[in-house]
Amino acid sequence: MVPNTFIRLMLLFLLSITFITHLSAQNNPNKTTDPPNILFILSDDHTSQAWGIYGGILEDYVVNDNIERLAQEGAVLNNAFCTNSICTPSRASILTGQYSQVNEVYTLNEPLPRDHPNIARTLSQNGYETAVIGKWHLVGQPEGFDYFNVLPGQGRYWNPILKEKENWTDGHDGSKGKVYPGFSTDVITDLTIAHLEKRDKEKPFLMFCNFKATHEPFDYPDRFKELYKNVDIPEPASLMDFGPETTGRTFKGQVLENLADRWETATRDSTYWTNYPGLPYDLEGLDPIQKRKKIYQKLVKDFMRSGAAVDDNIGKLLDYLEREGLAENTVVVYVADQGYFLGEHGFFDKRLIYEESLRMPFVIRYPKEIKGGKRLDDLILNIDFAALLADYAGLQKPDYIQGRSFRENLKGETPADWRNSIYYRYWLHHPDRPAHFGIRNKRFKLALFYGLGLEKKGSSQEITPPRWEFYDLEKDPKEIHNAINDKAYKEQIADMKKELVKLREKYGDQDQKHPEMQALLTKEFQ
């Protein structure tokens with residue numbers, strides 16, 4: 001017979017454990033005994049116009065069965081934005097929860113500093129098995145991941161080379177990597193699933209599945225080659241914007257004709273940096289309007305074909321989770337690293353604070369917590385993503401993260417002190433796309449194109465005059481009228497300049513190391 005004293009001691013021990021667990025739950029109410037897996041699917045440039053769940057002229061043309069599936073079973077962010085609309089800095093902000101001036105990734109060729117904190121390291125140190133497969137683009141060897149297998153630089157669409165720790169070389173060098181037969185988007189999905197099948201099933205996982213698509217040259221697998229054949233795609237309203245004089249815009253931008261020049265060069269020069277599908281593409285004898293229309297048709301069709309392959313592979317990943325019984329306890333995120341111009345303003349590419357470039361389409365599914373079919377209008381930034389993932393992992397927000405979790409927002413319980421405006425800065429200066437910073441709230445946008453390279457890697461040192469732009473997104477959602485000189489907005493502009501100064505201070509972006517900026521700022525904000 002077991003002595004009564006022993007039984008009493010055992011009961012006291014069990015009560016103590018229960019009490020400690022209760023206190024822990026009170027201190028961190030989101031802490032769970034069964035933390036969710038996290039599958040973070042990241043594409044490149046897959047802009048909101050081509051998702052089909054945000055409306056627009058392409059809504060009825062895009063292939064989006066699985067994006068729709070996620071949207072119906074989860075939540076869509078209507079107002080998610082990047083803090084620096086270009087691949088490498090956006091990925092750095094996603095991982096670190098920090099602006100470029102803090103994580104030191106400003107342009108396209110800077111690695112994260114060695115031993116810099118990131119969300120993968122944080123989760124790995126707290127019981128998660130972490131991995132990244134696909135596009136990395138952060139130059140240096142990935143840190144904080146228990147496993148990685150990534151493309152060198154941009155990588156290539158066909159028969160991609162990927163690099164693991166054992167064959168790593170920094171930068172775009174893939175000479176020691178392994179070739180994987182097939183189309184990049186398919187290969188990255190298959191490698192992701194293969195790695196998940198080998199995972200430690202005693203641990204939750206954080207898996208980054210990073211597609212190269214839909215980045216230029218917008219290639220696609222053969223199964224989508226006939227998609228949109230003999231179909232005319234509708235044109236954006238500002239396709240025929242041929243210059244700043246029509247809108248009050250203060251710079252030239254990356255116009256569609258520049259893309260056509262790349263096609264021509266790639267047709268003539270087999271050593272060009274990339275190959276485009278569907279070349280040669282004849283534009284001879286066309287007037288400027290006909291030429292722009294024809295350039296647009298190829299761009300948008302190739303882009304949507306590349307996006308169709310992404311959607312197809314999202315479906316493979318979701319089906320895998322269902323087969324393995326993982327779907328219920330897995331947070332699935334699908335997001336693009338920034339937006340992209342598909343003919344709006346006569347542009348292609350990204351970089352700008354304009355809506356098509358600034359927006360990050362984002363959908364999230366977590367059956368245990370998120371109600372299906374939800375739409376969230378709150379202003380969300382890519383520096384918030386890391387905080388959200390830490391929250392789902394049951395952790396307090398790490399001190400290094402500048403953003404904040406929007407988990408409660410997704411539940412329909414937006415904090416009263418949630419942000420009313422966002423701060424943006426693009427550093428990679430070029431006379432056609434000047435460096436700039438700005439502020440956006442739910443109705444208005446104000447930006448200063450300050451036009452200085454500040455010796456950032458890849459930036460032009462050709463100075464362009466500082467110019468302001470202001471848009472009323474309610475009256476002018478396509479941003480085709482720069483209203484900076486409209487007297488009706490004088491007070492609004494003055495208030496937003498004051499708020500802009502406050503946000504720059506809040507996020508530690510005050511250009512103390514750049515005396516040329518100090519002089520400019522004194523003049524522009526006086």
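Which residue in strand 18 is the bridge partner of Ala447? The bridge partner of Ala447 is Glu469.

## Basis of the model

This is a predicted model, in which local features need pLDDT of at least 70 and side-chain atom pairs count only at pLDDT 80 or more, while totals for chains, interfaces and linings use all residues. Residues are numbered from 1 along each chain as its sequence is written, and side-chain values use heavy atoms, with hydrogens and water left out.

Helices (H or I, at least four residues) and strands (E, at least two) are DSSP runs, numbered from the N terminus.

An open sheet is formed by 4 strands in the order 15-16-17-18, with antiparallel pairing. Its edge strands, each pairing on one side only, are strand 15 (421-426) and strand 18. Neighbouring strands of the sheet are turned by 10 degrees against each other on average, direction ignored. Strand 17 and strand 18 are joined by 6 bridges in the antiparallel sense; two strands pair if DSSP finds at least two bridges between them. Strands of a sheet pair through backbone hydrogen bonds, either parallel or antiparallel.

Within this pairing, Ala447 has Glu469 of strand 18 as its bridge partner. Helix 12 (residues 490-506) packs on the sheet and touches strand 15, strand 16 (436-441), strand 17 and strand 18. The direction of helix 12 makes about 115 degrees with that of strand 16.

## Helix 6 against helix 8

Helix 6 (residues 184-197) packs with helix 8 (residues 288-323) at an angle of about 15 degrees, and their axes are 9 Å apart. Axes are lines fitted to C-alpha atoms, for helices over the stretch in contact, and angles run from 0 to 180 degrees between N-to-C directions. Helix 6 is therefore roughly parallel to helix 8, a label for angles under 35 degrees. Their crossing is right-handed, a term used if the near helix is turned clockwise from the far one by less than a right angle.

The contact (heavy atoms within 4.5 Å) involves residues of helix 6 including Thr185, Thr189, Ile193 and Leu196. On helix 8, the contact residues include Val310, Asn313, Leu317 and Tyr320. By class, the contact has 6 nonpolar, 4 polar and 3 charged residues. Ala, Val, Leu, Ile, Met, Phe, Trp, Tyr, Cys and Pro count as nonpolar, Asp, Glu, Lys and Arg as charged, and the others, Gly among them, as polar.

## Helix 10

Of the 8 residues of helix 10 (residues 385-392), 8 are buried, so helix 10 is largely enclosed by the rest of the structure. Buried means under 20% relative accessible area, exposed over 50%, and partly exposed in between (1.4 Å probe, protein chains only). Among the buried residues are Phe385, Leu388, Asp391 and Tyr392. Just after helix 10, Gly394 takes a positive phi of about 85 degrees.

## Backbone exceptions in loops

Most residues other than glycine have a negative phi, and most peptide bonds are trans. A cis peptide bond joins Ala213 and Thr214, with omega about 10 degrees, and another cis bond links Glu216 and Pro217, with omega about 20 degrees. Thr214 is in the loop between strand 8 (205-210) and helix 7 (256-268), and Pro217 lies in the loop between strand 8 and helix 7.

Asn230, not a glycine, has a positive phi of about 60 degrees and is placed in the loop between strand 8 and helix 7. Asn230 counts as exposed because its relative accessibility is 74%. Leu454 has a positive phi near 55 degrees and sits in the loop between strand 17 (444-449) and strand 18 (467-472). At 6% relative accessibility, Leu454 counts as buried.

Notes. Parallel < 35°, antiparallel > 145°, perpendicular 65-115°, else oblique.
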